[in-house]
Amino acid sequence: MQDAAGTEELALRAAAGDPGALDLLLQRLGPEVMRRCARFLPCREDAEEAAQDVLLQVARKIDGFEGRSRFSTWLYTVVANCSRQKYRELKRRAAEQPDVIDASQHVDPRTTSVIAGSRIDLLEALERLEREHPHLVAPLVYRDICQLEYAEVAERVGIPLGTLKSRLHEARKQVRPWLADAS
């Protein structure tokens, strides 16, 4: 985020109950939250919905931010959770109300984004990892998707650095063949 120190200060003031600081914080976070959500969700509209959910969660739960870790770490947790929740919601909705395929709306695979497909494959892999090895999901999401530093991830997950690296290695080992099968 642009002025990280200023954002940290705004977050602390907002957590202490300053409504003006909260408004300014939410304005400042908007573009960054959207970029982070778009890393998870390939469709812009879905990423925008997830970003709105993130900003709503920040507004509702900012008083839970205690300043023990960086605000960006706290925020990325909210982004990851909201984006993954949006994906689950979309998947559930699609299963409940399958669309009738309209031949005129057929998507040409030659013009479909490879990035979009790989993001959906990644979300599917994360869903599977969560079912089979739930303790491996957070390290993978925080490090490889949110791109937090190893020490920051270890602090966030609440495990020693060596354990984090071990779990991250195992998570990558589990996910790699699933992603290879999808492509």
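The lining of the largest pocket comprises two nonpolar, three polar and four charged residues (Ala, Val, Leu, Ile, Met, Phe, Trp, Tyr, Cys and Pro count as nonpolar, Asp, Glu, Lys and Arg as charged, and the others, Gly among them, as polar). The model is predicted, with local features requiring pLDDT of at least 70 and side-chain atom pairs pLDDT 80 or more, while totals for chains, interfaces and linings use all residues. Residues are numbered from 1 along each chain as its sequence is written, and side-chain values use heavy atoms, without hydrogens and water.

The lining consists of Gly 64, Phe 65, Glu 66, Gly 67, Arg 68, Ser 69, Trp 74, Glu 155 and Arg 156. A pocket is an open set of points on a 1 Å grid over the protein atoms alone, where a 1.4 Å probe fits, with protein on both sides within 12 Å along at least five of seven lines; lining residues have an atom within 4 Å of a point.

Helices are DSSP runs (H or I, at least four residues), numbered from the N terminus. The axes of α2 and α4 (residues 71-96) lie 10 Å apart at an angle of about 50°, with axes fitted to C-alpha atoms over the stretch in contact and angles running from 0 to 180 degrees between N-to-C directions. By class, the contact of α2 with α4 has ten nonpolar, one polar and three charged residues.

The axes of α1 (residues 4-15) and α2 (residues 19-40) come within 8 Å and cross at roughly 140°, which makes α1 oblique to α2.

Methods
Helix = DSSP H or I, 4+ residues; strand = E, 2+ residues; numbered from the N terminus. Parallel < 35°, antiparallel > 145°, perpendicular 65-115°, else oblique.
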